[in-house]
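Please open the model in your viewer and keep the sequence panel beside it.

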Amino acid sequence: ELLKKSLNGIINKVNTSNIQNIIYELFNENLIRGKGLLVRSITKAQMTSPKFTEVYAAVISVINTRLPDIGNLTLQRYLISFKKAYKRNNKIQCVATTKMLAHLINQSVNEYVLAFEILELLLINATDDSIELACNFILECGQFLTEQNVNLLNMIFESLRKLLQEGNVDQRIQYIIENLFEERKKNFVDHPAIIPELDLVNDDDKIIHR
């Protein structure tokens, strides 16, 4: 109970400017014993404050270099949460979980292939909601996916172009797709994969889960 309160307190005060100090505090806690508590604390905080998703993903990215079990557990729980939300058509939870998964991919906690698997799932039997979710997801990690495998990303954009041409989607969704194409032309400059303040792990230290 004390460990749970301590981890919650630390996670609830993390932001871009204090993240390095916060990570130092976390490593002073018993993270091996409290790995489930830490993941639950981060998940709860991220679901409540999605605007800090990049920060929480960066925290996991650093911890993953020393305790990869925690990175793996975070991914597993988010994937389970996403699957459940997708089946139940819980849009709010789908948005939050895919946003976190996108930034865990940006941080190379998970291999980028996962992003294309998620996009394939969202677009194979496309609805207005799943198209919107796919577009938001691409905004979050499109810059990183362009660097990793531009050919696969081109195929996703071709699928979106066909959906536009068929004209079976809502006008609001058409606008979202068109906006995504504009962002792509600018190489997602307004949606960087990782901002400099959160780029905390050297490539040699990254442990990428598959």
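Which side chain meets that of Glu111 in a salt bridge? Select Glu111 and Arg210 together: their side chains meet in a salt bridge, at 3.2 Å from N to O, where a salt bridge is a side-chain nitrogen of Lys or Arg within 4 Å of a carboxyl oxygen of Asp or Glu. This pair links distant parts of the chain, with Glu111 in the loop between α6 and α7 (113-124) and Arg210 in the segment after α10, 99 residues apart.

Before going further, note that this is a predicted model, in which local features need pLDDT of at least 70 and side-chain atom pairs count only at pLDDT 80 or more, while totals for chains, interfaces and linings use all residues. Residues are numbered from 1 along each chain as its sequence is written, and side-chain values use heavy atoms, with hydrogens and water left out.

Stay with the two residues and colour by accessibility, where buried means under 20% relative accessible area, exposed over 50% and partly exposed in between (1.4 Å probe, protein chains only). Glu111 is partly exposed, with a relative accessible area of 26%, whereas Arg210, at 74%, counts as exposed. At 11% relative accessibility, Ser108 counts as buried.

Next, select Lys91, Asp129, Glu132 and Arg172, which are linked in a network of salt bridges. Side chains of opposite charge can pair when their charged atoms come close. Within this group, Glu132 and Lys91 meet at 2.9 Å, N to O, and the pair joins helix α8 (residues 128-148), where Glu132 lies, to helix α6 (residues 91-106), where Lys91 lies, 41 residues apart. Helices here (H or I, at least four residues) are DSSP runs, numbered from the N terminus. Arg172 and Glu132 also meet in a salt bridge, at 3.0 Å from N to O, and this pair links Arg172 in helix α10 with Glu132 in helix α8, 40 residues apart. Glu132 is buried, with a relative accessible area of 12%, while Lys91 at 34% and Arg172 at 43% count as partly exposed. Across the structure, the count of salt bridges comes to 12.

Now turn to the aromatic rings, where the structure holds 3 aromatic pairs; rings of Phe, Tyr and Trp (its six-membered ring) pair if their centres lie within 6.5 Å, and planes under 30 degrees apart count as stacked, over 60 as edge-to-face and the rest as tilted. Select Tyr112 and Phe116, one of these pairs, which is edge-to-face at 6.1 Å centre to centre with 85° between the planes; both residues are buried. Then select Phe157 and Phe181, an edge-to-face pair at 5.0 Å centre to centre with 80° between the planes. Phe157 lies in helix α9 (residues 150-166) and Phe181 in helix α10 (residues 171-185), so the pair ties together parts that are 24 residues apart in sequence. Phe157 is buried, with a relative accessible area of 1%, and Phe181, at 13%, counts as buried too.

In the segment after α10, select Asn187, whose phi is near 55°, a positive value in a residue other than glycine. Asn187, at 40% relative accessibility, counts as partly exposed.

For the last stop, select helix α1 (residues 2-11), in which Leu3, Leu7, Ile10 and Ile11 are buried. They cover an arc of only 95° around the axis, which puts them on the same side of α1; the arc is that of the directions from the helix axis to the C-beta atoms. Leu2 and Lys5, on the other side of α1, are exposed. Show α2 (19-27), α3 (35-48) and α4 (53-66) as well, since the buried residues of α1 pack against them, with contact meaning heavy atoms within 4.5 Å.

Definitions and conventions:
Helix = DSSP H or I, 4+ residues; strand = E, 2+ residues; numbered from the N terminus.
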